[in-house]
Amino acid sequence: MKISILKESSKTKSALILIFWLLVWQTVYTIIGKDVIVPSPMDTFVTLSQLLMTQGFYKDVSATMSRVIAGIIISFAAGLGTAIAAHLLFIVKDIMGFAVNILKSTPVMAVIIFALLWLPSGNVPIFVCFLMCYPIVYTNILTGFESLSKDYIEMSQIYRIRKRDLVRSIYIPFVAPHIKSALSLTTGLSWKTVVAAEVLASPMFSMGYNLLNAKVYLDTESLFAWIIAIVALSMAFEKIVNWILHKGKKGAYNDRSKAYI
Amino acid sequence: MIEVKHIYKKFKKEYIFEDFSLSFADRKVTSIIGPSGCGKTTLLRMIAGLEPYEKGQISGINQRSISYVFQEDRLLPWLNVFQNIELVLKSKFPPQEAKLKVQEVLAQLDLSEAAEMMPDELSGGMQRRVAIGRALAYDADIILFDEPFKGMDSKLKSEVLPQLAAVWEKAEKTIILVTHDVTDARKLSDEVYELSGRPLKKVETPVD
Amino acid sequence: MRKRVLISILILSILMAGVFTGCAPEAEELLTAPVKIGSLNGPTGIGMVKLLEEPDKYQVTMYQSPDEVVGKIISGEVDVASVPSNLAAVLYNKLEGDIVLIGVNTLGVLYIVENGEAVTDISDLKGKTIVASGKGGTPEFILNQLLVNAGLDPQKDLTVNWLMNHTDVASTLMAKEGTIAMLPQPFTTIVTEKNPKVRVAVDMNAEWKTSQKTELPMGVLIAQKSFVEDREADLTIFLKDYTASVDFVNSDAEAAASLVSEYGIIPDALIAKKAIPQCNIVFIPAQDGKADLVSFYEIISAMDPKSIGGTMPDENFYFKGIK
């Protein structure tokens, strides 16, 4: 392969890399030989395209996606609220700090099993997503508040800047990047936790439920097809979120600075 | 008159100010010079109310507004030049008047062309001028300057110094200037004090 | 003198020959290698309890849910396994014929159990939520069929909360009042004995027989095809010991109960004694059970072909017996 081809547009490169991995998959399939462990790429894609033509697929996808969005919204609402409270009141910071540390180290599975005991199966994934994402949101935003340099605070004290200008022109623009990074971090995580919880809680309309079914009926083509769908959607979701966050020229605050004054 | 009376100030376990006193005449420019790290900035901060002290009193600053030009500029990186200055005027002036004042001060310091630029697009010297402009626009009674000409080459200094001097004379403000450059101090000030020795007890040499 | 010595030696030889022949271990009792068995912790496990007493011959592992056993079959970690009858067909299809159905080992043992008084008939399940476990196995399809017979839509008219195993279902049932569950034996007896508020609401096995007019072969014994073909002698020994165990369990509930509790399958021996007779433990060789299995497969695959893995297994699925 000529070096010149490798240096070509990244789209060609991506396509070639994809083909490479498909070949790996095909090879693994041929070597293992057991359909029930690794299905053939061809069968999987056929199954996937059949799925895409069923109405049920879209119902399940939208159910899962709404849980992801709900989980993220709740995490951010709670994360922002408690971070502000923690910044203003030390006792809140201590109390929440303890809880957040525990949550951060708790394995997802444990949370799911616990939630299954007392929540209806449709809400378990949202709850689990919230518990897993909230610590990240809280920590990031709080760090944002705390890292706001004393320098700017002193400057605002000298010039007797009004509280509302302080918030609008200093706090918000400074903390905004932290909120954005929290969002970046949690998009992927929220998908994973929601789907994992759906597999165990098996609510009727969900992508996870289909993973479970595929497993118990040993329908590995469907299993792989659903996994591909989940991964693709998760990546697309993350890309869209990142695009929204980084609209505008990189580096310069430029036009957006008007929002802060 | 701003009077610093018998100030005791500790830094870590040592006293850097021990029974230190000094007065600053109103509507005059007073400079404080001395080697780096001797406490000039700390003194300025104590006057501004940003730094606590163990014993003593600073009088003559109550009820009066203070502008401060920090050693590190402290411009908000996400606002442009115009907005940085405008921000501090919002609590004092109505919006239209605030905008006029900003334009005025930018003109005074030859910064009008840079009004829409962001701080990280400016040279060190220009950022300094913006910080100075902000302090001037605020129009406080007392203006404190911490190393105002840091980052300026002699050419720029020779432009800015006279601009500043003119503004000050017209405005009749009380100005306290901290710098390590004796020449600048002499050029601009009515009185120059040198700080040296540790702990600082008294001003050593009133130099003029 | 020489004559006497000769005769003594002769008699001694004959005696010794006799002794040695008597002492020689019967060749058929020796396995070439231990048999690895995967079982579920219900009736199928109980039926094997005698095998647990010979750990050098039989390495038996009890699993809590069918998909664990299924995994072990696929990976080849077990030679013989107890699985729900429909999953045997699924495995046969997915593994392209690499397993053989040896026989039926559990008949109908499924019940709707309630911590309350609301349900007396299948139709009472309308609009309710029930807990169950063993998704993908026979309970799911038996339930769906009975619901359809009662005029209900399994997708729309009720909600099933699928838990991870029967023990979890039992705990939820006993703890929360108003819970309705689908449980097989011995769990049914265990929960009703432990919590007097819990009662059997519907006997699904009777319902099935009435409406479908066939038996309900819920559990079967399967083996790896390689095991059947290459280790026929071992299979024979195993079948002999296995049927003996089944007979033992069915004839002497008390003795069986103490073994069952000793090995932790049902910890409480008194409850075990009550549960064992309800467990419908049998051993019906494949050829004898074939007719009922085929009808059962036809019924459930008509509702959902995935229940048996897409196609009806052919005759090679059913063990033909020792040659």
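**Notes on the predicted model**

1. Chain B splits into two domains: domain 1 takes in 1-64 + 142-208, and domain 2 covers 75-140. Between the C-alpha centres of domain 1 of chain B and domain 2 of chain B the distance is 24 Å.

2. The contact between the two domains of chain B involves 10 residues of domain 1 and 10 residues of domain 2. On the domain 1 side, strand E6 (142-146) and helix H5 (154-171) of chain B each contribute at least two residues. H5(B) gives the largest share of that side, with 4 residues. By class, the domain 1 side of this contact in chain B holds 7 nonpolar, 2 polar and 1 charged residues.

3. Within chain B, how do the axes of helix H2 (residues 81-89) and helix H4 (residues 124-138) cross, and within what distance do they come? The axes of H2(B) and H4(B) cross at roughly 30 degrees and come within 9 Å. Angles under 35 degrees count as roughly parallel, and H2(B) and H4(B) are therefore roughly parallel to each other. Their crossing is right-handed.

4. The residues that make this helix pair can be listed. From H2(B) come Val81(B), Asn84(B), Ile85(B), Val88(B) and Leu89(B), which meet Val130(B), Gly133(B), Arg134(B), Ala137(B) and Tyr138(B) of H4(B). The contact of H2(B) with H4(B) is made up of 7 nonpolar, 2 polar and 1 charged residues.

5. Chain C also has two domains, with domain 1 formed by 29-108 + 216-317 and domain 2 by 112-212. The C-alpha centres of domain 1 of chain C and domain 2 of chain C are 23 Å apart. In the contact between them, 25 residues of domain 1 of chain C face 21 residues of domain 2 of chain C. Helix H2 (43-47), H3, H4, helix H12 (269-275) and helix H13 (286-303) of chain C are the elements that give two or more residues to the domain 1 side. That side of chain C divides into 14 nonpolar, 8 polar and 3 charged residues.

6. One sheet of chain C is open and has 6 strands in the order E2-E1-E3-E10-E4-E11, with mixed pairing. Strand E2 (58-63) and strand E11 (281-285) of chain C are at the edges with a single partner strand each, so one side of each has no neighbour in the sheet. From one strand to the next the twist averages 30 degrees.

7. Inside that sheet, strand E3 (residues 80-84) and strand E10 (residues 219-224) of chain C are paired in the antiparallel sense, over 5 bridges. Ala81(C) is placed opposite Ile222(C) of E10(C). Helix H10 (residues 232-251) of chain C lies across strand E1 (35-40), E3, E10 and E11 of chain C, and runs at about 145 degrees to E11(C).

8. A further open sheet in chain C has 5 strands, ordered E7-E6-E8-E5-E9, again with mixed pairing. Its edge strands are E7 and strand E9 (198-203) of chain C, each of which pairs on one side only. With direction ignored, neighbouring strands of this sheet are turned by 30 degrees against each other on average.

9. Which strand pairs with E7(C) in the parallel sense over 5 bridges? The partner is strand E6 (residues 129-133) of chain C. There, Thr159(C) in E7(C) is the bridge partner of Thr129(C). Helix H6 (residues 166-175) of chain C packs on this sheet and touches strand E5 (110-115), E6, E7, strand E8 (180-184) and E9 of chain C, with its direction at about 145 degrees to that of E6(C). Helix H8 (residues 204-212) of chain C packs on the sheet as well, touching E5 and E9 of chain C, and its direction makes about 10 degrees with that of E9(C).

10. The last point concerns chains C and A. Here 13 residues of chain C are in contact with 11 residues of chain A. Helix H3 (66-75), helix H4 (85-94) and strand E7 (159-163) of chain C each supply at least two residues of the chain C side. That side has 6 nonpolar, 3 polar and 4 charged residues. H3 and H4 of chain C are also among the elements that give two or more residues to the domain 1 side of the domain contact in chain C.

Methods
Residues are numbered from 1 along each chain as its sequence is written. Chains are lettered from A and ligands numbered from 1 in the order in which they are written. This is a predicted model: local features need pLDDT of at least 70, side-chain atom pairs count only at pLDDT 80 or more; totals for chains, interfaces and linings use all residues. Domain bounds come from an automatic or database domain assignment. Two residues are in contact if their C-beta atoms, placed from the backbone, lie within 7 Å. Ala, Val, Leu, Ile, Met, Phe, Trp, Tyr, Cys and Pro count as nonpolar, Asp, Glu, Lys and Arg as charged, and the others, Gly among them, as polar. Axes are lines fitted to C-alpha atoms, for helices over the stretch in contact, and angles run from 0 to 180 degrees between N-to-C directions. Angles under 35 degrees count as roughly parallel, over 145 as roughly antiparallel, 65 to 115 as roughly perpendicular and the rest as oblique. A crossing is left-handed if the near helix is turned anticlockwise from the far one by less than a right angle, and right-handed if clockwise. Two strands pair if DSSP finds at least two bridges between them.
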